[in-house]
Amino acid sequence: MAKVTLENIYKSFPNRNNSERAATQSIAKPTEKTSKPKQANRGISVLKAINLEIQDGEFMVLVGPSGCGKSTLLRAIAGLEELTGGNIWVGDRLVNNLPPKERDIAMVFQNYALYPHLNVYDNIAFGLRRTIATEDKEDRSKGVKTKPLPKIVELLENLLRAMTRSLPRKMRYLSKKEREIELRVREAAKLLQIETLLERYPKELSGGQKQRVALGRAIARNPRLFLMDEPLSNLDAKLRAETRSQIVKLQRHLETTTIYVTHDRVEAMTMGDRIAVMNQGQIQQIAPPLEIYDRPANIFVAQFMGSPAMNLIPVRLERGINLIHPQFRLTVSHDWNETLKSYQGQSLLLGIRPEHFEIDSLKKEDNLVIKVEQVEALGNETYIAFNLDKNGPNRDAKYFQAKISPDRLVQPGEEICLSIVQDKIHLFEVETGRAISPDRAI
Ligand SMILES: Nc1ncnc2c1ncn2[C@@H]1O[C@H](COP(=O)(O)OP(=O)(O)O)[C@@H](O)[C@H]1O
Ligand SMILES: [Mg+2]
């Protein structure tokens, strides 16, 4: 168990397209002009200035859209990718230049990565055999006294093992090391309730069982850090929800520092002590789940962490705390007085989550009168989609969405009046996308 510190991490991959282009250009006719020869070596920057501190025993979720660099970051921590810049600390050890097996990290992948020719027991034991070998070596290099076995005992052990190899497992000869391995395999199997599967081969397991074996392999090694890369994405919805809570319970029990990568908002919200939201190789915000939801730092986080996404409505700020839109005007609470002074006369984006609209019976100045374009009734909740400012400058504005009670039956084409839950609104700068916070946090 350890605190993990990522310090100013950068990672670029060589730009394959450019080098391919350079290669074809070199055999092209000499009269052809090359357009961007200087860019060939720059590469694709995938991680940019990542700074993240994960506390000892913390469950940190790294969430972001596909392609934003999550797996690359995890692989870099595990030692499977070389860094372009920055430092990775596990506890007080700088691990940048250590090979993966010396980092004391266990990684669980999306595709399980089990060995098809080994049964469950040996799949779990495999990494363990290597870990224990490394631990022995480290102990010896640290000068810890582990009595080396006399040659003759070692020979005898090997002979006994070879002679009993084909017998049922219980009758086989096990060395001290093998007995320790067995203990750890069985303990992990018990935790994950896969004790009955130990003799099976991966092809005889369901997706959920395979995933638990992959977890078992990581747990048995008792590492200082777990890295999990979308471990549930190959499971169906019900199993995903079950395994999700199982992983959380397991992590609380083991108290092993964990970095869990996902693109799934629900996993992010329900699993982590804290969430780091990532986009295009950069961390956008690090905070506990509800803080991310209630106080997103920018438009990206606001829209990514919520489904349906937060509505962003362009408004103009006038006379103190009045937000003006062609179809409504909203006076925000006095908590905003100070902050909004420097934005007078400017355009801002008003952020409203779908659940922060309410159907109102009155047409008031601060209500939106809308025509329902689409209705999605899911049974437990209903979403309506509507357009604003159809004839205004914003003609091709995308749909906005509001969540309403499933008891309220609404038809497409119907005109209804929506009020805004005022103390739940968000405001963002148009240019930077940054959130503007009220004077005191609401
Ligand atoms: N070995 C590689 N060579 C070149 N580009 C890569 C390599 N691995 C990943 N990338 C690129 O880095 C970006 C981030 O990838 P990845 O870390 O897998 O994203 P995520 O896990 O968030 O979906 C992607 O644009 C991907 O194409
Ligand atoms: Mg990935």
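## Backbone exceptions

Q280 counts as partly exposed because it has 15 C-beta neighbours inside 10 Å (a residue is buried with 20 or more other C-beta atoms within 10 Å of its own, exposed with 12 or fewer, and partly exposed in between, with C-beta atoms placed from the backbone). The model is predicted: local features need pLDDT of at least 70 and side-chain atom pairs count only at pLDDT 80 or more, while totals for chains, interfaces and linings use all residues. Residues are numbered from 1 along each chain as its sequence is written, and chains are lettered from A and ligands numbered from 1 in the order in which they are written.

Q280 lies in the loop between β9 (274–279) and β10 (282–287), and its phi is positive, near 45°. Helices (H or I, at least four residues) and strands (E, at least two) are DSSP runs numbered from the N terminus. Q193, in the loop between α5 (176–191) and α6, has a positive phi of about 55°; Q193 counts as exposed, with 12 C-beta neighbours inside 10 Å. Most residues other than glycine have a negative phi, and most peptide bonds are trans. The bond joining S307 and P308 is cis, with omega about -5°, and P308 is found in the loop between α10 (299–304) and β11.

## Strand pairing

β11 (residues 311–318) pairs with β14 (residues 347–352) in the antiparallel sense over 6 bridges; strands pair if DSSP finds at least two bridges between them. L312 stands opposite G351 in β14. β11 also runs antiparallel to β12 (residues 322–325), joined by 3 bridges, and the partner of L317 in β12 is L323. The hairpin of β11 and β12 has 3 residues between the strands, and R319 there takes a positive phi near 40°.

Not counting residues up to four places away in sequence, L62 touches K70, L73, I259, Y260, V261, A276 and M278 (contact means C-beta atoms, placed from the backbone, within 7 Å).

## Ligand 1

The shell around ligand 1 includes F13, I44, V46, C68 and K70; a residue is near a molecule if its C-beta atom, placed from the backbone, lies within 6 Å of it. α2 gives the most to this shell, with 3 residues.

Definitions and conventions. Contact = placed C-beta atoms within 7 Å.
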